[in-house]
Amino acid sequence: MSLTTPDTIRTLQRKLYAKAKQEPAYRFYALYDKLYRADILNHAWRLVKANRGSPGVDGISFEAIEDGNGVETLLRELAQDLKEKTYRAQPVRRVMIPKAEGSMRPLGIATIRDRVAQMAVKLVIEPIFEADFCAHSYGFRPKRSAHDAVDDIANTLWAGYTQVIDADLSKYFDSIPHAKLMVVVAERIVDGGILHLIRQWLKAPVISEDDNGVKKTVGGGKASNKGTPQGGVISPLLANCYLHILDRVWQRQQLKEKLKAHLVRYADDFVVLCCKGVEEPLKVVRHVLERQGLSLNEAKTQVVDATQASFDFLGFSIRMRRGRRTGKPYPHVCPSEKSLMKIKTKLTALTGRELTPIALEKIVKNVNRSLSGWVNYFHYRNSNQVLEKVKTHAEQRLRRHLMKRHKVKDRGIGEGRFPSCHLYERYGLYKVSTVAGWRSAHASA
């Protein structure tokens, strides 16, 4: 399935971006008719399907759509509802996802039909907001990545900005005030049809299901006045729009130059790197967030001297170290301890002794999927030692699983019968590269 944006859509997006870039005060008013274009809805479907994901409250999966009335029918009916303005958003299904520290993160899963509609809106309006977004914002943006954000931090540390405000927003997605968010959106979009759709998604009831299968409303609805479901297709863009206020204050007031403080933001995760004290930059952050109806999680927000200690950002542990050979300081970036423990715990669960009745090919396939996904993200900068630990753990877990499967109890015999080379050549274990993907000329320091 090709995810290349069709030329017709790309042309539209470029025109919208250019118009927004050339006229920062221009407000777009004729966008709604683009949503139900066949090319946009078809591409929205392909993008939503590529993201996979579970069914919403209606229980309808991608397979059910394709095997039932078909994709064409779904898109044709959706286009008609959008065109006639009879489209109504369905409730959002809440799923709780465990976080590394033991708490739970609520995710909102919209129906596939609603996800396609949200993606269509995103395709049309995202280029407009992209023209406004600041260079130090990296999260959920085209042609930008978490690695770009980490590079920005590393380069800024190298420049001497080593006093770090490691910020944590308190329940950001649940706290975004609808009225203030819509004011921000309306700075650029005044098309009533688009704004009406966004309000529908913000006000959609949130449905949860208990252990007995009983469904109940746990949030959202017409009476709600804040929050956007984390996990929605449109939510990251809306979240970026709202925190763009903080970015804009930093840029327009030239706070990097005035306060010697550089902001790096990835969605609701951000750090402020300072070289002349943290008091004033922290005061500005608190003031702007307070005006937005947001707040810092004071228990998790901390000030770190990166020359003395590390801080975690986007799964990486970052600090200044000195090269063993040269003695020169350099920014050291490697997977955090939490990230390491997470993949090790995952591999342990995927190779448990209770899984021996399952076909070995399936066990290895699941292990390889988790391993390759983790390595593709963390095979970066100074990750050699951590990659070696992950590789060793993967080998040990698969070997132990094979020993249980073949009733081999002696560890020495197991190592002889299932040597590392056989794990890769005979059983097809994904081989973790232990040479990091250096990105810096001084990475070998």
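**View 1. The outward face of helix H1 in a predicted model.** On the face of H1 turned away from its buried side sit the exposed residues Asp7, Arg14, Lys15 and Gln22, where exposed means over 50% relative accessible area and buried under 20% (1.4 Å probe, protein chains only). Helices are DSSP runs of H or I with at least four residues, numbered from the N terminus. This is a predicted model, in which local features need pLDDT of at least 70 and side-chain atom pairs count only at pLDDT 80 or more, while totals for chains, interfaces and linings use all residues. Residues are numbered from 1 along each chain as its sequence is written, and side-chain values use heavy atoms, with hydrogens and water left out.

**View 2. The buried side of H1.** The buried residues of H1 are Ile9, Leu12, Gln13, Leu16 and Ala20. Seen down the axis of H1, these fall within an arc of 95° (taken from the directions from the helix axis to the C-beta atoms), so they line one face of the helix. They pack against helix H2 (32–35), helix H3 (38–50) and H6, contact meaning heavy atoms within 4.5 Å.

**View 3. The largest nonpolar core.** Such a core is a set of buried Ala, Val, Leu, Ile, Met, Phe, Trp, Tyr and Cys residues joined through side-chain atoms within 4.5 Å. Of the 80 residues in the largest one, Ile125, Ile189 and Phe270 touch the most other members, and the largest share, 11 residues, comes from helix H6 (residues 112–130). Leaving aside neighbours within four places in sequence, Phe270 is in contact with residues including Ile165, Leu246 and Phe313.

Key: Helices (H or I, at least four residues) and strands (E, at least two) are DSSP runs, numbered from the N terminus.
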